Amino acid sequence: MKKRNEKTTKKKNKETESKIPAIMLKGAVRAVFTVFNVIATVGLIGVIAAAIVGCAFLLYIANNVDTSVDDILLITQNNELATKLYYYDDEGNLVENKDEDISSGTGASWVEYEDIPADFRDAFIAIEDKRFWDHKGVDWIATSRAAITFFVPIGSDRGGSTLTQQLVKNLTGDDDYSIQRKIQEIFRAMNLEKELGGDKTIIIEQYCNIVYFSQGAYGVQEAAKTYFGKDAKDLTLVECAALASIVQNPSKWDPKLYPENNEYRRRVILKEMLSQGLITRAEYDEAYNAELDLYSWKQNIPEEEKKDSKYTSWYTDAVISESISLLAKKYEVPKNIAQSMFFRGGYQIITALDPEIQEIIEKYYEQTPSAYFRNSEVLNHEAAFIIIDPHTGQIKGLVGGRGEKTGSRIFNRATQATRSPGSSMKPIGSYALAIDKGIINYGTVMDDTPYIASGTGGWPRNSNNRYGGLVTIEYALAHSKNTFPVKLVAQLGVNTVYNFLSDKLGISTLVDNGRRSDKNLSALAIGGMTYGVTLREITTAYGIFPAGGVFTDSYTVISILDANGNVVVNNEPERHIAISEQSAQTMVKLMESVIDYGTAYSYTKTVQKMKLSVAGKTGTTDNNFDKWFIGYSPYYVAGSWIGYDQNQNLGSTHGHITVWDAIMAEIHKTKFTSKGIKLKSFDTDYLISAKFCKDSGKLITDVCNADPRGSRVNTGYYTKETLPTEECDVHVFARVCATCGKVAGDNCPEEATVVKVLLKVDRSHLSPKMKITDSAYVYKPYDPCVCYDVPDEEDPEGGSGDDPNNPTE
């Protein structure tokens, strides 16, 4: 029995042992299937997830990323058509301005691919994009390296952008640091190369002609002229490397500003060119140790070249700048790209130029020496002039400097220089708005005393360091009193005035950024601005007076047509009502006083003699650094400025007014009187003349007529609403001491007094020693006569005599 059991057990064990491999195999198969299922499931999930992410990415690109290159192709198209300028003559005919050749000497020179030195092209490729000729717009190796470096900042700091990507960024102006912008740039770069059929020469030509090289130079030709005084085709290897160094960071690698930095980077570029087989060892050694011979046009320009050069006029410079801005806005591209479009696009620029007016202005400003400007063997001050039709905003002529013009598109002081306007700010910063708000009228009288009194003086001071007391608004404006504008701006509120100047009158240079602010009395009332104002903007602002209160922004470009005559830009100026027509007419009458008997009277004899209706305002800044005259007729508003580029005292010269006088007289003679056209006068149909007391601004009374200084009658110009209706209450009869002239005190005997007419004005807050012109005629009950006062008996204890228990100190 026992043996049988043993046999049975052994048999079962053998059967079990024989089944183990099968079980193991089955388990293994099951495990394999399980792993496979897991892997398949994970893989499927991954595929689905990838598909979802891919779809989401594609959806994101479709909705958020602009991959089109239509606008870029518009810019990169190889146009070689000359842009031309036109103007309208007096009969309204469109005339080409053939005197102005803008195809040369203006920074317009475009260098074709074959004329760009091979060393120049290779220098950029070596340092910026060594696989340029092989990729299709994007270098994925460099892009991957840049992406890794972004998260793990190790290794080279070289970026991943190809020259094609950099071209796209320069053409579109998209340079914000965002993933979306980078993705968009990548797609656009690939699409651009595809649309160009893989023609890399177009890419490198465009790139070399539009990138910025510091010193105001865009493109290889301007850079070659700016730094080395030569054409791009004549650049040497070291010069090519020096220029290629700048583009990555112009503010750091500029060879004129930072020669040591540039030397370091150009040597890095030369090493790259050598390692990539783009130059030989001999070329490398020679260029590596070569010194840059940088160019200065002021020192190096040959006299023969000066004589032979045909520079664009000041007016054409302004037209080019304005056209480029208009094209940049139209096509939403950076200005350097719009510049390329302007010079190569074959546009027809319709300008507001009046060639007769421009010729007259240039005649006066090119005279050297000049009868109108101060001349010195060492230094000559600069000057600028602009004339605008205030009814249309069209700039008819301008000059941005004096003497013979030394280049094309150079610094234009009529449109670019910002200078402190001084007193020329007063009509637009205080008087006009105060009249429009009803705070003052033509006959308003204010006290010419400090706004902030301090001892015998205060702030502000007048130019002659004297205060005039009670004077009219007309007199204050004619003689440029500083106190009135300050008091008026204080009444109006600095925010109101600031907004009026910036929003209604187009003064764009006012600032209020937290660190600096022009929201203060000095800036808004008497021109002490942070940065100042351009001659163009302040002259444009004055246009509201002859134009009946309507502001029209000024412009040189009427419209831009393409090569086929289609209108690309119709330059409609900003136009709106700044002040009422009644207020404008009142301001004209007030500002006529500046020429009739005020600060410009002695220097405007020519226009006075020809009986030309003119009005305006002078302006002088602290230390005589800047002098202005902005004036107008019913036809034109013209601005004149003189000063040094680096502030210096101008002294007592008034050439800025006398030249304005001569130019305006000749222009009106040329355009009107020589043709038998009678000159117009200013419109005054809203105004009524009336007599008023010039010490109160109110109706004259018998008391006014008894003023010891004589007649106090003045004629003013009012609207129906502002005519004076109240009688003068400033002139009063008062008993005064015949000895000292003060208001009689309580102890003055009647026989020692006389009755006089005095001015009732409260100046009790001012020092009695402050010098005010009419002080002797002011009624001062707070400062009576003491000639007949009996002194108190002296108290041996030191008291007052009235109260022995309260001695004085």
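## Terms and basis of the model

Contact means heavy atoms within 4.5 Å. Helices (H or I, at least four residues) and strands (E, at least two) are DSSP runs, numbered from the N terminus.

The model is predicted: local features need pLDDT of at least 70 and side-chain atom pairs count only at pLDDT 80 or more, while totals for chains, interfaces and linings use all residues. Residues are numbered from 1 along each chain as its sequence is written, and side-chain values use heavy atoms, with hydrogens and water left out.

## Overall composition

The chain contains 27 helices and 20 strands. Of its 809 residues, 48% are buried, where buried means under 20% relative accessible area, exposed over 50%, and partly exposed in between (1.4 Å probe, protein chains only). The accessible surface of the chain comes to about 40,300 Å², and carbon and sulfur atoms account for 50% of that surface; the areas come from the Shrake-Rupley method with a 1.4 Å probe, and for residues only the protein chains shown count as cover.

Among contacts in the chain between residues at least 6 apart in sequence, 68% join residues at least 24 apart.

## Helix 3 and helix 9

Two packed helices are described by the angle between their axes and the distance between the axes. Here, axes are lines fitted to C-alpha atoms, for helices over the stretch in contact, and angles run from 0 to 180 degrees between N-to-C directions. Helix 3 (residues 118-128) and helix 9 (residues 237-246) cross at roughly 40 degrees, and their axes come within 9 Å. The two helices are therefore oblique to each other; angles under 35 degrees count as roughly parallel, over 145 as roughly antiparallel, 65 to 115 as roughly perpendicular and the rest as oblique.

The crossing of helix 3 and helix 9 is right-handed. A crossing is left-handed if the near helix is turned anticlockwise from the far one by less than a right angle, and right-handed if clockwise. From helix 3, Asp119, Phe120, Ala123 and Phe124 meet Leu237, Cys240, Ala241, Leu243 and Ala244 of helix 9. By class, the residues of this contact are 8 nonpolar, no polar and 1 charged. Ala, Val, Leu, Ile, Met, Phe, Trp, Tyr, Cys and Pro count as nonpolar, Asp, Glu, Lys and Arg as charged, and the others, Gly among them, as polar.

## Helix 15 and helix 16

The axes of helix 15 (residues 314-331) and helix 16 (residues 335-344) come within 8 Å and cross at roughly 110 degrees. This pair is therefore roughly perpendicular, and its crossing is right-handed. Helix 15 contributes Ile320, Ser323, Ile324, Ser325, Leu327, Ala328 and Tyr331 to the contact, and helix 16 contributes Lys335, Ala338, Gln339, Met341, Phe342 and Phe343. The contact has 9 nonpolar, 3 polar and 1 charged residues.

## Helix 18, helix 24 and their surroundings

Helix 18 (residues 426-436) packs against helix 24 (residues 581-596) at an angle of about 130 degrees, with the axes 9 Å apart. That angle makes helix 18 oblique to helix 24. The crossing is right-handed. Pro427, Tyr431, Ala432, Ile435 and Asp436 in helix 18 meet Ser583, Thr586, Met587, Leu590 and Met591 in helix 24; these residues divide into 7 nonpolar, 2 polar and 1 charged.

Ser593 also lies in helix 24 and is buried, with a relative accessible area of 2%. Not counting residues up to four places away in sequence, Ser593 touches Glu474, Ala478 and Gly598. Asn441 is found in the loop between helix 18 and strand 6 (445-448). Leaving aside neighbours within four places in sequence, Asn441 is in contact with Ile473, Tyr718 and Thr722. The C-alpha atoms of Asn441 and Glu474 are separated by 9.5 Å.

## An enclosed helix

Helix 23 (residues 535-542) has 8 of its 8 residues buried, so it is largely enclosed by the rest of the structure. Among these buried residues are Arg536, Glu537 and Tyr542.

## Backbone geometry

Most residues other than glycine have a negative phi, and most peptide bonds are trans. The peptide bond from Trp459 to Pro460 is cis, with omega near -5 degrees, and Pro460 lies in the loop between strand 8 (457-459) and strand 9 (469-472).

Lys611, although not a glycine, has a positive phi of about 55 degrees. Lys611 is placed in the loop between helix 25 (605-609) and strand 14 (615-620) and counts as exposed at 70% relative accessibility. Asn623, also not a glycine, has a positive phi of about 60 degrees. Asn623 lies in the loop between strand 14 and strand 15 (626-632) and is exposed, with a relative accessible area of 51%.
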